[in-house]
Structure formats: C-alpha cells, structure tokens
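Work through the following exercises with the sequence and the structure side by side. Try each task yourself before you read its solution.

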Amino acid sequence: MQTLTYNIPNISCRHCTNTIKMEVSALDGVQSVDATVEPKQVTITFQEPATEESIKTLLAEINFPPVI
Ligand SMILES: [Cu+2]
C-alpha cells in the first residue's frame, strides 16, 4: 500500500473535490481518496493494479493535472 499527496491547482471548490474523489475512487486498487480545497490537494492511498502513473493520467484526463 502506498500513499501519495498531490497539489492540484485546478481545484476551486467542493464540486472539484467531489469529482476527484468519485473518479479516483473508481480506479481499481485505490483504497481511499481525500481531496481538499484549502489547501488544493489530494491524498490517495492505493495498491496494484493502480499505479502512480495511472492515477496521474486519470487526474490529467479529468482536468485536474497534479503538480508535485
Ligand atoms: Cu470546483
């Protein structure tokens, strides 16, 4: 199990954090997702088959590209 925190500048409100939680939670292998507006961050706990790469790709696809 691995936990990563990303800064996501595109987060502007609770709709954004809800979207991120919903979309990332749906990835196979993701155990938990916490997203906050202040600070604009998401913390994700996951294991295989989810990978750092697949999570970053998904976040970019839904218009919330992470900045580390
Ligand atoms: Cu928003």
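**Exercise 1. Find how many residues the largest nonpolar core has, and which of them have the most contacts inside it.**

Solution. The largest nonpolar core has 19 residues, where a nonpolar core is a set of buried Ala, Val, Leu, Ile, Met, Phe, Trp, Tyr and Cys residues joined through side-chain atoms within 4.5 Å. The residues with the most contacts inside this core are I20, V42, I44 and L59. Next, look at the elements that give two or more residues to the core: these are β1 (2-7), α1, β2 (30-36), β3 (41-46) and α2 (52-61). Helices (H or I, at least four residues) and strands (E, at least two) are DSSP runs, numbered from the N terminus.

Before going on, keep in mind that this is a predicted model, in which local features need pLDDT of at least 70 and side-chain atom pairs count only at pLDDT 80 or more, while totals for chains, interfaces and linings use all residues. Residues are numbered from 1 along each chain as its sequence is written, and side-chain values use heavy atoms, with hydrogens and water left out.

**Exercise 2. List what V42 touches, not counting residues up to four places away in sequence.**

Solution. With those neighbours set aside, V42 touches L4, T5, Y6, I8, I20, V33, D34, A35 and L59, a contact being heavy atoms within 4.5 Å.

**Exercise 3. Decide whether T17 is buried or exposed, and find its contacts.**

Solution. First locate T17, which sits in helix α1 (residues 14-25). T17 counts as buried because its relative accessibility is 5%, and buried means under 20% relative accessible area, exposed over 50%, and partly exposed in between (1.4 Å probe, protein chains only). Leaving aside neighbours within four places in sequence, T17 is in contact with I11, A35, T36 and V37.

**Exercise 4. Name the residues that coordinate the copper ion.**

Solution. The copper ion is coordinated by C13 (SG) and C16 (SG), at 2.0 to 2.1 Å; donors are N, O and S atoms within 2.8 Å of the metal (3.2 Å for Na, K and Ca), and water is not among the atoms, so sites may look incomplete. C13 belongs to the loop between β1 and α1 and is partly exposed, with a relative accessible area of 30%, whereas C16 counts as buried at 10%.

**Exercise 5. Find which peptide bond at P39 is cis, and where P39 lies.**

Solution. The cis bond runs from E38 to P39, with omega near 0°, and P39 lies in the loop between β2 and β3.
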